[in-house]
Amino acid sequence: MKQDLPNILFITADQWRGDTVAYAGNKIVKTQNIDSLAAEGVAFLQHYAAAAPCSPARAAMYTGLYQMNNRVTTNGTPLAGSFDNMARAARRAGYTPTLFGYTDIAADPREHAPNDPAARTYEGVLPGFDVGQSLFENAAPWKNWLRKRGHTLATLKDPYLLPPPDGEVVPTSAAAFGEEETQTAYLAGRFLDWFDEQCTERPWFAHLSLIHPHPPFVAPAPFNDMYAPDAVPPLKGGDAADEVFDRHPLVKLLREQSDASSFVPGIEGSVAEFSAHDFQRIKGVYYGLISEVDAQLGHIFDHLKASGAWENTFIVFTSDHGEMMGDHAMLGKGGFYPQSQHVPLIMKLPYCGPQPATHAKTSAVDLFPTLLDLMQLTPENDVNGQSLLPFLKGEKPENWRDSVIWEFDFRHLQQNLQLEKCVLPEDHQLMVRMCDNHLFAYSPSLPPVLFDLQADPDCCRNLWETEDGKRMASPLLQSMLQERMRAANDTLVSQNVLFNNANG
């Protein structure tokens with residue numbers, strides 16, 4: 001192992017959208033600990049997930065490959081075992097990469113026996129990771145920990161189920177567990193126990209994968225009512241002025257097929273039945289969950305500083321994807337709106353000092369190349385992202401991209417989607433290209449969407465439906481096609497060229 005390599009702490013907080021952080025200008029949310037981290041490193045203000053939901057988003061983040069290349073299209077789609085990833089690379093560098101939480105990566109069934117349970121779950125562990133503490137969807141270790149702390153079986157059966165107050169649909173009362181008993185607190189404690197056991201002479205690599213602020217949107221005191229519903233930012237779209245949300249088939253489907261109980265346990269019906277008032281109440285709790293996670297990160301940061309490890313630890317804080325949070329009358333992730341893909345990203349590089357926040361367009365596919373650059377390694381296959389280390393060193397990378405793309409594969413919804421024509425499964429894919437001025441979304445089987453981000457930042461008017469918009473879309477479609485072609489996997493292309501040249 002190279003002696004000059006730092007410790008690495010890679011933190012993800014699930015479903016945290018990029019505009020809900022104070023350091024980026026949000027004047028309501030309290031995120032003092034990640035604000036402090038941003039002040040010591042670099043905040044990437046225009047960072048985007050590459051796909052949604054969780055498994056596709058994480059596959060892109062862990063491999064540096066767009067969905068078009070890694071082919072993880074939804075939760076449960078296996079990730080091919082042949083791809084390089086950040087955990088395998090860390091092992092090549094001499095680390096023992098250790099996971100606290102989950103990675104939501106379904107195993108390649110070709111590498112497992114037919115009856116192997118590992119081949120039948122989307123909650124598999126990314127190949128290469130040791131597991132310090134798993135915490136999957138059933139949260140069994142956390143619930144057992146709560147039981148040992150004296151919580152009743154009634155609480156443990158459904159710790160997020162709360163009765164709504166009279167006259168309300170959405171409860172905002174406190175959870176039955178305390179602020180030091182959340183899943184975030186549990187994983188933070190397990191990580192710190194592991195950290196205290198590490199040999200200080202050898203660098204370590206930990207991936208802390210936190211579930212919140214992912215739903216269910218239930219928070220303990222004092223975070224449950226830290227933000228009054230009328231104090232959080234107002235909703236965008238979803239009203240009479242929004243010409244898209246009630247007309248586009250994919251938006252309608254995502255609203256109507258999203259189960260309300262997935263976000264607030266005990267509620268019947270779909271997200272489409274929530275009112276603007278209900279969304280604002282949910283949003284207040286979502287903000288509270290963000291502050292709860294921030295508080296636990298503060299405990300971790302303080303411990304690293306007290307131990308002397310802070311200075312020599314490379315820290316990444318990000319999210320797998322965003323959250324619509326009532327905008328366009330939607331909850332969750334997926335589709336073409338930026339709220340679903342815009343996420344926080346902060347990096348702190350040891351001994352480099354703080355750098356100004358950047359508005360450069362960055363993508364989740366850049367994270368794996370960044371770690372490779374840090375560890376002085378090359379990938380074992382072609383990757384689509386670029387290293388972000390130059391930004392951390394105060395350098396401006398040459399020819400940096402002027403746009404980002406993200407993808408959403410909706411074939412798992414196709415049986416519910418009323419389309420005008422019969423299409424093949426591979427046509428159920430959406431690609432979005434976003435630059436400073438326009439957002440353009442194209443799918444073979446859906447109406448295209450074009451927004452002017454300067455005149456219409458809330459994305460309420462689809463210019464594709466106008467003659468001027470169709471003319472504007474032509475160069476944008478060409479740029480999207482060029483980006484798609486540039487992203488084609490070239491792992492063996494250069495070797496083939498060399499072979500042909502050598503053989504005349």
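This is a predicted model: local features need pLDDT of at least 70, side-chain atom pairs count only at pLDDT 80 or more; totals for chains, interfaces and linings use all residues.
Residues are numbered from 1 along each chain as its sequence is written, and side-chain values use heavy atoms, with hydrogens and water left out.

**View 1. The largest cavity has a volume of about 30 Å³.** On a 1 Å grid over the protein atoms alone, a cavity is a set of points where a 1.4 Å probe fits but cannot get out. Grid points are joined across faces, edges and corners, and the volume is the space filled by probe spheres set on the points. Lining residues have an atom within 4 Å of a point, and here they are Tyr160, Phe177, Thr182, Gln183, His212, Val218, Pro220, Leu289 and Glu292. By class, five are nonpolar, three polar and one charged (Ala, Val, Leu, Ile, Met, Phe, Trp, Tyr, Cys and Pro count as nonpolar, Asp, Glu, Lys and Arg as charged, and the others, Gly among them, as polar).

**View 2. The largest pocket holds about 1,100 Å³ of space.** Its lining has 44 residues, and Glu137, His214, Pro215, Ser262 and Lys333 are the closest to its centre. A pocket, unlike a cavity, is an open set, with protein on both sides within 12 Å along at least five of seven lines. Helix 5 (140-148) and helix 8 each supply at least two lining residues; helices (H or I, at least four residues) and strands (E, at least two) are DSSP runs, numbered from the N terminus. The lining is made up of 21 nonpolar, 14 polar and nine charged residues.

**View 3. The second largest pocket has a volume of about 490 Å³.** Gln46, Tyr48, Pro338, His342 and Met434 lie nearest its centre, among 24 lining residues. Strand 2 (42-48) and strand 8 (358-363) are the elements that give two or more residues to this lining, and strand 2 has the largest share, with three. Sorted by class, 10 of the lining residues are nonpolar, eight polar and six charged.

**View 4. Strands 9-10-11-12, in that order, form an open antiparallel sheet.** Its edge strands, strand 9 (404-409) and strand 12 (449-452), each pair on one side only. From one strand to the next, the twist averages 10°. Two strands pair if DSSP finds at least two bridges between them; six bridges join strand 9 to strand 10 (residues 429-434). Look for Trp406, which stands opposite Val432 in strand 10. Axes are lines fitted to C-alpha atoms, for helices over the stretch in contact, and angles run from 0 to 180 degrees between N-to-C directions.

**View 5. Leu254 sits in helix 8 (residues 249-257).** Leu254 is buried, with a relative accessible area of 12% (buried means under 20%, exposed over 50%, partly exposed in between; 1.4 Å probe, protein chains only). Not counting residues up to four places away in sequence, Leu254 touches Met330, Gly334, Gly335, Phe408 and Leu413, where contact means heavy atoms within 4.5 Å.

**View 6. Gln280 lies in helix 9 (residues 276-307).** Gln280 is buried too, at a relative accessible area of 14%. Leaving aside neighbours within four places in sequence, Gln280 is in contact with Pro229, Val232, Pro233, Pro234 and Leu235.
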